[in-house]
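The sequence and the model are shown first.

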Protein chains: 2
Amino acid sequence: MTDDLREQVHAAARRARVAADELVLATRERKDAALHEMAAGLRARVREVLDANAKDLEAGRAAGLSQGLLDRLALDEKRVDGVAKGLETVAGLADPVGEVLRGSILPNGLELRQVRVPMGVVGMVYEARPNVTVDAAGLALKSGNAVLLRGSSSAEHSNAALVAILRDALEAAGLPADGVQLLPCHDRASVRHLITARGLVDLVIPRGGAGLINAVVEQATVPTIETGVGNCHVYVDAAADLDVAERIVLNSKTRRTSVCNAAESLLVHAAVADEFVPRITAALQAHRVTIHGDDVFARQDGVERATEEDWGTEYLSSDIAARVVDSLDEAVRHIAAHGSGHTEAIVTGDVNAARRFTARVDAAAVMVNASTAFTDGAEFGMGAEIGISTQKLHARGPMGLSELTSSKWIAWGEGHVRPSS
Amino acid sequence: MTDDLREQVHAAARRARVAADELVLATRERKDAALHEMAAGLRARVREVLDANAKDLEAGRAAGLSQGLLDRLALDEKRVDGVAKGLETVAGLADPVGEVLRGSILPNGLELRQVRVPMGVVGMVYEARPNVTVDAAGLALKSGNAVLLRGSSSAEHSNAALVAILRDALEAAGLPADGVQLLPCHDRASVRHLITARGLVDLVIPRGGAGLINAVVEQATVPTIETGVGNCHVYVDAAADLDVAERIVLNSKTRRTSVCNAAESLLVHAAVADEFVPRITAALQAHRVTIHGDDVFARQDGVERATEEDWGTEYLSSDIAARVVDSLDEAVRHIAAHGSGHTEAIVTGDVNAARRFTARVDAAAVMVNASTAFTDGAEFGMGAEIGISTQKLHARGPMGLSELTSSKWIAWGEGHVRPSS
């Protein structure tokens, strides 16, 4: 049974490779035509999608899924139109494939270029939201990759309906349907088979909670990119404008609490603690945020005392850990010890403090006098994103089209041979 | 005992992190001063190095190491001067750290830049040659990284002498000695502890044979870059100039047989087989190359019949697998089935054939009318290289200084918060 599943995943990967060999040669015109076909197909066949989604929602309610999960799973005509619009946006973006990254004529006359090429076969492992199915397929196609989608079993019918439409659109545009394939989702083992299919799969991107990411990283032999775990800090410096600080803390924490770029920890310089601690406590509490504070914060009404565990927790809820630090260096050390390398922000009017913080903090994104919420592919002008990488290899921060590519060196000579050294 | 070793490796990684936190802030001036100190130290203390090397050579002869391995292990005054010169070359290269990769002012006024930053703590696992110890330390330092070196036990004394000199030079330049550390080399387990030190080590580069690379990729939880396994092909097209073809095949195969960019396979288009097969057979045999051929090649005197295994073998010796193909597409399929994604060459006068080959072959480097031997960091103008990546993630082909870096997004605002969507 498990061997069958392994063979199923490997067979899908082999079909993906055949498709990838065609997609690598596809022109931008053809890829964009397929993206527009996909968008049109989603709109024309929205009933199919919503009927399938209704089945998933029914099964989800029967299985006792939380209201939050059901909300993330639910599609309606407007949401389907939104993902179709997303595909049209991707069609409007430049083709990353073929971009010349570096190039020169070498001293011996060899003409050398480094060009962007697709990764080849990319696997995505993700959780409930069916819109990720379409977003990932669109970005993979535009960057010339074949994609293997391993979604959540709770979205099984929705994903199947969406992928059927996407595959039809590929064929209508003269591209191989196997450029987009859905993997079996009922058995955890299909994830394992995907991430150990070395040689068959070029890259796997897990998108989900820390548990999924860790499992993938532990077991994978295929290269992977860790995404989306964020214990983001806002540090309010001695030289902060406290109005700005309040605004940035509130926006970072409360704009959306369930996303990876939300702030989970607040660090306040001792020099402004007397004024800022009561003020931000009241402001956060007015937004129904529970504060898990150190001794100083715990003196305020309604603040819970933080445990050691709080400093490393990604709450993804209306909670924040908060403490006072004696210096910028102590803030940097706290972040190094507890941060997840996602996004860290400083609020300060002191340019030297800002320079030191941005140079020393080791994270995908560092904000000066700006909310952590800005770490996002669309905000950064990438047009779309497939996830936010928190690792240092290959891609760091929001991943757009170019992060789904590799490169190739091409040299043209006229009979060049290398002398013995 | 094993737990002790694990703790030893982890303790070294923690010291490396402390050093890395200083190195990330080191100016180019200071790093270059340290590189020059290193070069001067190697020249001044060459006797220490050669005495230590003599011990390794003696132990190697006693252990029955092959003459080839002993040659790779041996140092003399000229070789030490060569590695010192290599450090001076690295000092002359631009500092990759701080380079702005992308940047713009976003529509909301946020000033956004993506800048190169060091990886942090980099591990190197490599085999006999002690010059790699110095090369890797120099490149790691220039790119702002702390490095953990896990060399071969056969080079134990040489590596210890070299690292002592490098560490003294770091201190003399006001940088932390722990930026360069040697890990215990007597137990295979130290490799395992290094590649599973997730969170402590940012990147591990294994440099060696397929066995080492596979073991590292299978077991690693730290990101790794596969390097240096090359089953490189030369494809002689129907439209090849056969003089050029002979020159390129001979140079690719015989210039140096023990290196990863040497050709291991020859593919000849059927249209030129009658003329080229006898000719290249004689030319290769004149260079004492053993041909493992298909039916057509096997009709020539002295050609051994190839087995299926030959097509996938990296000989690293005076052997070459050779067959006739019916078309460029068959050559591309053969390379896809048997190649290692290192370097593939086409010899042709037909520009369409060259375009098709370069677009379809999936490898780190593709040569048109040039020897496979050109895939090399120095040849590509990188000044130095730490290995040749054959994976698609992060770095592909020769890895120089910029391949040892990651990036960081930095955004400066003036109280920017993100509106709810």
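## The second largest cavity

The lining of the second largest cavity divides into six nonpolar residues, one polar and one charged; in this scheme Ala, Val, Leu, Ile, Met, Phe, Trp, Tyr, Cys and Pro are nonpolar, Asp, Glu, Lys and Arg are charged, and the others, Gly among them, are polar. The residues concerned are B:Leu75, B:Arg79, B:Val80, B:Val83, B:Pro130, B:Asn131, B:Val134 and B:Leu162. Two elements of chain B, helix H5 (77-92) and helix H6 (131-142), each give two or more residues to this lining, and the largest share, three residues, comes from H5(B). Helices (H or I, at least four residues) and strands (E, at least two) are DSSP runs numbered from the N terminus.

The space in this cavity is about 40 Å³. A cavity is a set of points on a 1 Å grid over the protein atoms alone where a 1.4 Å probe fits but cannot get out, and lining residues have an atom within 4 Å of a point. Grid points are joined across faces, edges and corners, and the volume is the space filled by probe spheres set on the points.

## Basis of the model

The model is predicted: local features need pLDDT of at least 70, side-chain atom pairs count only at pLDDT 80 or more, and totals for chains, interfaces and linings use all residues. Residues are numbered from 1 along each chain as its sequence is written, chains are lettered from A and ligands numbered from 1 in the order in which they are written, and side-chain values use heavy atoms, with hydrogens and water left out.

## The largest cavity

Two cavities of 30 Å³ or more are counted, and the largest has a volume of about 260 Å³. It is lined by 18 residues, of which A:Pro223, A:Thr224, B:Val222, B:Pro223 and B:Thr224 are the closest to its centre. By class, this lining holds ten nonpolar, six polar and two charged residues.

The contact (heavy atoms within 4.5 Å) takes 76 residues from chain A and 76 residues from chain B. Because 100% of the interface residues of chain A are also interface residues in chain B, the copies meet through the same surface. Between them the chains bury about 6200 Å², 53% of it on carbon and sulfur atoms; buried area is the accessible area (1.4 Å probe) that two parts lose on being put together, summed over both. On the chain A side, A:Leu393, A:Trp409 and A:Arg418 lose the most area to chain B, together 14% of what that side buries.

## Salt bridges

A salt bridge places a side-chain nitrogen of Lys or Arg within 4 Å of a carboxyl oxygen of Asp or Glu. The count over all chains is 55, and ten salt bridges are found across the interface of chain A and chain B.

A:Arg418 forms a salt bridge with B:Asp376, with the closest N and O atoms 3.9 Å apart. Another salt bridge joins the side chains of A:Glu403 and B:Arg102 (2.9 Å, N to O). This pair crosses between chains, from A:Glu403 in the loop between strand E15 (397-398) and strand E16 (405-416) of chain A to B:Arg102 in strand E1 (residues 100-105) of chain B.

How values were computed: 1 Å grid on protein atoms, 1.4 Å probe; cavity = no way out; pocket = protein on both sides within 12 Å on 5 of 7 lines; lining within 4 Å.
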